[in-house]
Amino acid sequence: VQLQASGGGLVRAGDSLKLSCAASGGTFSSYFMGWFRQAPGKEREFVAGISRSGSRTNYADSVKGRFTISRDNDKKTVYLQMNILIPEDTAVYYCAADLKWLEFGADPDVWGQGTLVTVSS
């Protein structure tokens, strides 16, 4: 499967932004999906994960209550709705796919290209 992320941009603190990640070339519904991010000078970190059906999700503590991951298997797309953005959310965001559940510390098999989110104060 190949992944193409989009939706990043420059926003102000408190704003919202929705990222999308379109999949192609594979059976999308077979994959657990997730979002990761890498801030300047920091290691890439887990943000959110979602089960194959979309019925189960998990989040990093830093985004819990503000971000929502979802997926549309018919459209082969996974989303990340980001609300109440703060400057610390500034990072390159990557979508990822794996045949195993994605969570903190995971190393997914498939990565999309990143999309930059910049949150100004």
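The legends below describe close-up views of a predicted model, beginning with the whole chain and moving to single residues.

Residues are numbered from 1 along each chain as its sequence is written, and side-chain values use heavy atoms, with hydrogens and water left out. Because the model is predicted, local features need pLDDT of at least 70 and side-chain atom pairs count only at pLDDT 80 or more, while totals for chains, interfaces and linings use all residues.

View 1. Helices (H or I, at least four residues) and strands (E, at least two) are DSSP runs, numbered from the N terminus. Along the principal axes, the C-alpha atoms fill a box of roughly 40 × 25 × 25 Å. Of the 121 residues, 44% count as buried, where buried means under 20% relative accessible area, exposed over 50% and partly exposed in between (1.4 Å probe, protein chains only).

**View 2. An open sheet of 4 strands in the order 1-3-8-7, with antiparallel pairing.** Strand 1 and strand 7 are the edge strands, each pairing on one side only, and the twist averages 15 degrees from one strand to the next. Two strands pair if DSSP finds at least two bridges between them; strand 1 and strand 3 are joined in the antiparallel sense over 5 bridges, with A23 of strand 3 as the bridge partner of L3.

**View 3. Strand 7 and its hairpin with strand 8.** In a regular strand the side chains alternate between the two faces of the sheet. Strand 7 pairs with strand 8 in the antiparallel sense over 6 bridges, and I69 has L80 of strand 8 as its bridge partner. The hairpin has 4 residues between the strands, and K76 there takes a positive phi near 55 degrees; K76 is partly exposed, with a relative accessible area of 34%.

**View 4. The largest nonpolar core, with 32 residues.** Such a core is a set of buried Ala, Val, Leu, Ile, Met, Phe, Trp, Tyr and Cys residues joined through side-chain atoms within 4.5 Å. L3, W35, L80, M82 and Y93 touch the most other members, and the elements that give two or more residues include strand 4 (32-38), strand 5 (45-50) and strand 9 (91-98). Contact means heavy atoms within 4.5 Å; not counting residues up to four places away in sequence, Y93 touches residues including L19, W35, L80, M82 and T115.

**View 5. T115 in strand 11 (residues 115-120).** T115 counts as buried, at 9% relative accessibility. The side chain of T115 reaches the backbone nitrogen of G8 at 3.0 Å. Beyond four places in sequence, the residues that T115 touches include A5, S6, G7, L19 and A91.

**View 6. I84 in the loop between strand 8 and strand 9.** Phi of I84 is near 50 degrees, a positive value in a residue other than glycine. I84 is exposed, with a relative accessible area of 51%.

Terms used. Polar contact = N/O pair within 3.5 Å; in protein donor to acceptor, adjacent residues only side chain to side chain. Axes fitted to C-alpha atoms, helices over the stretch in contact; angles between N-to-C directions.
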